[in-house]
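Here are a few friendly notes to read alongside the model. Please keep the structure open as you go through them.

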Amino acid sequence: MRVGLYARVSTHDQQTLPMQLSAMAEYAARRKWKVLLEVTDVASGATSRPRREELMKAARRREIDVVLVWRLDRWGRSVADLVTSLNELQALDVGFVSLTEALDLTTPSGRALAGMLAVFAEFERDILRDRVKAGIAQARKEGRPHGRPATARAKDEKIRKLAQAGLKPGAIAEKLRISRTSVRRVLAAERP
């Protein structure tokens, strides 16, 4: 079996990186797996993990048979992200092993556990959706604004002055670091 090791640390706990890699290398050696890739990410709750994506690309190219991680929370950003990536690996026929949790998706019981994780991911999404809806309803009830803050509206006066000075919407947007659509919306609102 060809294995790819994945270790991730946040910026404040970098001392655990060698420990994670060592434990995974020992496990792979005991299973007589050949370590082809050793990928590390240093990111705290990042939405983008480019090094993890490198490992996924290796799996898509069928260069590895198993992904080995130290802990599940090192691999997934959320339950939903975890389930999505595990489903992709399963579709690629690439195994997944989490050392600390003794989760081995190369076995039938491990695959059953992955199914339960999918149920929890859906539950997590439903709870989050309900919280957002409740928050919006409460904000409306109290007459408070909700949603993204209107950043361009705070720059209405500057937009108008720059337009009067002859700047085009694209130049205004670039100068004020807002979208052209926002500039056009402000300028359109002042027309009769």
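1. What sits over the ring of Trp75? The charged end of Arg52 does, 4.9 Å from the ring centre. A charge sits over a ring if NZ of Lys or CZ of Arg is within 6 Å of the ring centre and within 35 degrees of the ring normal.

2. A word on the basis: this is a predicted model, where local features need pLDDT of at least 70 and side-chain atom pairs 80 or more, while totals for chains, interfaces and linings use all residues. Residues are numbered from 1 along each chain as its sequence is written, and side-chain values use heavy atoms, without hydrogens and water.

3. Trp75 also has an aromatic partner: its ring and that of Tyr6 have centres 5.2 Å apart and planes at 90 degrees, so they pair edge-to-face (centres within 6.5 Å, planes over 60 degrees apart; for Trp, the six-membered ring is used). The pair links distant parts of the chain, 69 residues apart: Tyr6 belongs to strand β1 (residues 2-9) and Trp75 to helix α3 (residues 72-75). Strands (E, at least two residues) and helices (H or I, at least four) are DSSP runs, numbered from the N terminus.

4. Ring pairs join Phe96 with Tyr6 and Trp75 in a cluster. Tyr6 is buried, at 0% relative accessibility, and Trp75 is buried at 0% as well (buried means under 20% relative accessible area, with a 1.4 Å probe and protein chains only).

5. Elsewhere, please look at Met116 in helix α5 (residues 108-141). Met116 has a relative accessible area of 45%, so it is partly exposed (between 20% and 50%).

Terms used. Phe/Tyr/Trp six-rings, centres within 6.5 Å; stacked < 30°, edge-to-face > 60°.
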